[in-house]
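The chain and its coordinates are shown first.

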Amino acid sequence: MNAVRVRTSPSLALVKYWGKLEGPHNLPATTSVALTLAGLDTTTTARSAGRGAGAADQVMLDGEGQPPARFQAFFDEARRLFKSGQRFNADSHNSFPSSAGLASSSSGFAALALAAARLAGLTPGAETAALASEAARLGSASAARAVYGGFTVLPAGARRAERLYGPEYWPELRVLVAVTSRVPKDDSSRGAMERTRLSSPYYRAWVDDAKLLADEALFALAAKDLQKLGELMRLSYLRMHASAMAADPPALYWLPASLACIRACAALRARGIGAWETMDAGPQVKVLCLESELAAVRSALAEAEPTLSFIETRPGPDPDIEELA
Ligand code: PMV
């Protein structure tokens, strides 16, 4: 087999990672608790590109060649972990806007890692998924989570994510993605979190506080307590963004439409509807709610901000891996 096609979905953090431990290993400074989003797909076709002098790794994303430097550390780590000397050639497509705060780097590096593991001849199974999680982390720490469907945790300082629950664990749960803008962001999460670590007076407080939030969120998720989980999600993203906004220069991802969504969710909760929003390194707002309230949440957001478009998602399946002839 010399080609493989992998489909993954992005990993949305309910409790955020923001900031890395010092050193070259891309280890997260805070624990994140996440779910994989069904229906937002990255599809990557990867081939072996030979070995030795003259062979090179190559990545295309939605038809555009990607800068090799962005992938170097990831491919080197993948070769080390998978005990393979191969170079890889990958062609990747997203069914949703890339680099716009929809976690395309998480599904992207997870797909690359799973594809490289299969091309390196690793047998499918739990140990290979764990190694792929470890390799994916070098590309983007959130990608360590996206090698699994369902619910995951990436503990602070960990090399690999762990699966918490499969996609069927909480079947009524939905995530409404409110797309406020499709313009690629100009402030990468990588750069912004490093700036936050180096210059925000609130970074240390964010990291210290995040541990308790993550522990409590794990309990709330185990109890399927949406209200409790929602309250913790809200603290997590607002404290993350508060630390980022206090960086020098500030990392400010919110648009007027993002704030309109945040306010619409607060108004829904005041009416007794459990709509709990979160935001990442981009202007999109993702709202966790129950299926029975999804239509009410969507129409309240659309009314508050008519320019929005929506993607309705739920906890996503495990990646698909298909060997090609
Ligand atoms: O995976 P990275 O390094 O691009 O960072 C992603 C960080 C957030 O999406 C903002 C939070 C998270 O835990 O996914």
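## Basis of the model

The model is predicted; local features need pLDDT of at least 70 and side-chain atom pairs count only at pLDDT 80 or more, while totals for chains, interfaces and linings use all residues. Residues are numbered from 1 along each chain as its sequence is written, and side-chain values use heavy atoms, with hydrogens and water left out.

## Ligand surroundings

An N or O atom in the side chain of Ser-142 is 2.5 Å from a ligand oxygen, and one in the side chain of Tyr-17 is 2.7 Å from a ligand oxygen. For Asp-280, a polar side-chain atom lies 3.3 Å from an oxygen atom of the ligand. Taken alone, the ligand exposes 390 Å², of which the protein buries 93% (Shrake-Rupley method, 1.4 Å probe).

## The largest pocket

The ligand sits in the largest pocket, meaning that more than half of its atoms lie within 2 Å of the pocket's grid points. On a 1 Å grid over the protein atoms alone, a pocket is an open set of points with protein on both sides within 12 Å along at least five of seven lines, a cavity is a set where a 1.4 Å probe fits but cannot get out, and lining residues have an atom within 4 Å of a point.

The largest pocket holds about 840 Å³ of space (the volume filled by probe spheres set on the points, which are joined across faces, edges and corners). Of its 37 lining residues, Arg-70, Ser-105, Ser-140, Lys-185 and Ser-189 are the closest to its centre. The lining divides into 13 nonpolar, 17 polar and seven charged residues. Its largest share, five residues, comes from α2. Helices (H or I, at least four residues) and strands (E, at least two) are DSSP runs, numbered from the N terminus.

## The cavity

There is one cavity of 30 Å³ or more. The largest cavity contains about 50 Å³ of space, and its lining includes Ser-11, Leu-37, Val-177, Asp-280 and Lys-286.

## Backbone features

The peptide bond from Asp-248 to Pro-249 is cis, with omega near -5°. Pro-249 is in the loop between α6 (226-245) and α7 (256-270). Asn-26, in the loop between β2 and β3 (32-36), is a non-glycine residue with a positive phi, near 55°.

Terms used
A polar contact is a pair of N or O atoms within 3.5 Å; within protein, one must be able to donate a hydrogen and the other to accept it, and residues adjacent in sequence count only if both atoms are side-chain atoms. Ala, Val, Leu, Ile, Met, Phe, Trp, Tyr, Cys and Pro count as nonpolar, Asp, Glu, Lys and Arg as charged, and the others, Gly among them, as polar.
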